[in-house]
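This report goes through one protein model, from its overall make-up to individual side chains. Please keep the coordinates open while reading.

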Amino acid sequence: MSRFVNRIFIGVIALMVITPFLSFGQSQKTDSLKENYTQNKQPSTAIELAEIFTLTNTDSALYFLQQVDKTSLSEVDRIHFEKVKGRFFTVTSQYDSAVLIYTGLLRILEGKPEHIRLEADILDNIGGVYLTLRENDQSLDFINRAKKIREENRLASELYKSHYSLGNFLFRTGKSREAVDNYRKSFALLNQKSDINFQANLNYMMGTAYNILKQNDSSIYFLLKAKTIYDQTNQVVSQINTANSIAQAMINEQRFSEAIPLLENNIKLLASNGDWQKYMAAYSQLSKAYEGLEDYKNALAYQKLRYDTVVGFLAKQRTESVAKITEDYRTDKQLDEAEETAIWATQRAKIFGGITIALIMLLIISYLLFSRTIQRKKLENLRAMVLGEENERKRVAKDLHDGIGVLLTSIKMRLSNFEDKVEDKDAFQNSLGQIDNACSEVRRISHNMVPASLSKLGLEEAMLDLFDNVTASSQIEIQEKLSYEVGDFEESSEVLIYRVIQELVNNTLKYAQASSIQIEMKKIKDEYIIEYKDNGVGFDKTKIKNGLGLKSIASRIDILKGKLTFDSTEGNGVSFKINIPLQHG
């Protein structure tokens, strides 16, 4: 994959993969719908307007989504609303939210034959999101599930969508020739009812794949067809990306004079719709085009613009990010010290109350109120610190993945340009290998800091993912029986529950010498009960009661307003029972 296409692919794939089935809204139709909505305030009209604006004006799309009263929607309108909301989250790069919306929509559609086509489309959309997130195995699983549904239900007229999604997957994984074959199959199955945006995206991806294969004439042909539609529908981001791709192919063909107007027009469009990657691509290509025309003055000017606007911006962002991490990051040790301080403050309040209880009933009441306030403040402080710690984990993980990881990749790409000038090839390759190792380590640390499956798929799937990792890396057998209803706890509470389970499992791995773990999670009336057991060596409760591991678990359960009990004797394993009430209101 060329460096240019690699730069723009992540930004484009969300539009190219997730939204190929969006209905094309003509300007006249949009105006008519807006007038209709102004007069009647129908939720279905607001949903349709949000759908039209999703690719062209996300602010307007969000406005109309917010006007919809979900409680008054019919089932059909509710499904339409959730589908549009999922697309909106995808286009605005809110991928975790998009996955949650789409998986919830799948549960609504399950077992309803009349919605089988939509179910396949949603599976393709989820596959596209995971492709954007570089979760290739999960992406292929959802794409194949969509294809299987269409084949088993004889939806031959819909198979062009599966070939398109498979083509995108193959393109993303570096198999451009196989991607072209699937795009051709998609073209062959298109019909008059095929959506015009889908046709634009298919032409774009076909042209981009041909670009990778250095078949420039074919690349330009398909990209120009895509750009014509994007120009008509005023999809500015897609216009910019497509023009960049066309210019790249033209530069490869030494058609420098034709590439320059496209790129200079992109600079104008980027004034309101650009980011550093798109500026970097445009300036870089303009420099190459002018160099090809032997206009070295302009070539040097655009090269300077590239570094002034892009490298300078990145350096500033990196400096601010590192300073923020250094200033704000809090360690587990600090959390433990804060807990000890809060506990000691509570104990002093109780002693003071005991001394003064014989004096007067008024002081007794004052003490009780004071003690209650201190306890509440303690929980509030603990909650703020624990949730702050989780937020810092997310922020640091994101900075590592999106910042340092990208920077290391950029460094490798730049070093690669000097390979022909280096005499010691082995040492040079070893250096590149060390950069690859650094990239892998950054990704590993980033993934370990934040359970990605928790935000993407929810608490139950995150716990199952944790158990799978444990069984894969140890000899411990885990017998789980989990029953959790999505939405019973807010995300911050789900994180706390996950951390409790994670700490219990870690304690078993570190100290118990166990061969099996049993864990059950069930809902009874207005609370969840978690029972955890292992068959390890156990411990003496009187010696372990104040251990840091148990304090960390207990503090999180306190924040959840839950109850923790446990039992263990040396040689007989350990059992924990955790009661967590549902948090209403």
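Is K525 buried or exposed? With a relative accessible area of 76%, K525 is exposed, where buried means under 20% relative accessible area, exposed over 50% and partly exposed in between, with a 1.4 Å probe and protein chains only.

## Basis of the model

This is a predicted model, in which local features need pLDDT of at least 70 and side-chain atom pairs count only at pLDDT 80 or more, while totals for chains, interfaces and linings use all residues. Residues are numbered from 1 along each chain as its sequence is written, and side-chain values use heavy atoms, with hydrogens and water left out.

## Overall make-up

The secondary structure comes to 24 helices and five strands; helices (H or I, at least four residues) and strands (E, at least two) are DSSP runs, numbered from the N terminus. Of the 585 residues of the protein, 46% count as buried. The protein exposes about 30,300 Å², of which carbon and sulfur atoms supply 51%, the areas coming from the Shrake-Rupley method with a 1.4 Å probe and, for residues, only the protein chains shown counting as cover.

Among contacts (heavy atoms within 4.5 Å) between residues at least 6 apart in sequence, 64% join residues at least 24 apart.

A nonpolar core is here a set of buried Ala, Val, Leu, Ile, Met, Phe, Trp, Tyr and Cys residues joined through side-chain atoms within 4.5 Å. The largest such core has 39 residues, and F171 and Y183 are those with the most contacts inside it. The elements that give two or more residues to this core are α9 (159-172), α10 (176-189), α11, α12 (216-233), α13 (236-252), α14 (256-273), α15 (276-292) and α16 (296-328), and the largest share, nine residues, comes from α11. Apart from this core lies another, of 38 residues, which includes L65, F88, L106 and L118.

Helix α11 covers residues 196-212, and because its 17 residues at 1.5 Å a residue should span 24 Å, the 25 Å between its end C-alpha atoms agrees; the expected span is 1.5 Å times one less than the number of residues. In α11, 15 of the 17 residues are buried, so this helix is largely enclosed by the rest of the structure. Elsewhere, helix α15 contains Q285, which counts as buried at 2% relative accessibility. Q285 and I251 are 34 residues apart in sequence, yet their C-alpha atoms are 7.9 Å apart in space.

## Salt bridges

With a salt bridge taken as a side-chain nitrogen of Lys or Arg within 4 Å of a carboxyl oxygen of Asp or Glu, a search of the whole structure finds 16 of them. One of these joins the side chains of E51 and R87, at 2.8 Å from N to O. E51 lies in helix α3 (residues 43-53) and R87 in helix α5 (residues 75-91), so the pair ties together parts that are 36 residues apart in sequence. Both E51 and R87 are buried.

R150 and D124 also form a salt bridge, their closest N and O atoms being 2.7 Å apart. Since R150 belongs to helix α8 (residues 136-152) and D124 to helix α7 (residues 116-132), this pair ties together parts that are 26 residues apart in sequence, and both R150 and D124 are buried. Between E158 and K161 the closest N and O atoms of a salt bridge are 2.9 Å apart, and these two residues are buried as well. R117, D121, D124, R150, E158 and K161 are linked in a network of salt bridges.

## Positive phi values

Most residues other than glycine have a negative phi. K525, which is not a glycine, has a positive phi of about 55° and is found in the loop between β2 (516-524) and β3 (527-534). E294 has a positive phi near 60°; E294 lies in the loop between α15 and α16 and, at 60% relative accessibility, counts as exposed. K214, which follows α11, has a positive phi near 65°.

## A nonpolar surface patch

I411, L415 and F418 form a nonpolar patch on the surface, with about 240 Å² of accessible area together. Patches are made of residues with over 30% relative accessible area and no salt bridge, like charges being joined within 9 Å and nonpolar side chains (Val, Leu, Ile, Met, Phe, Trp, Tyr) within 5 Å. F418 lies in the loop between α18 (361-416) and α19 (425-449), and at 42% relative accessibility F418 counts as partly exposed.
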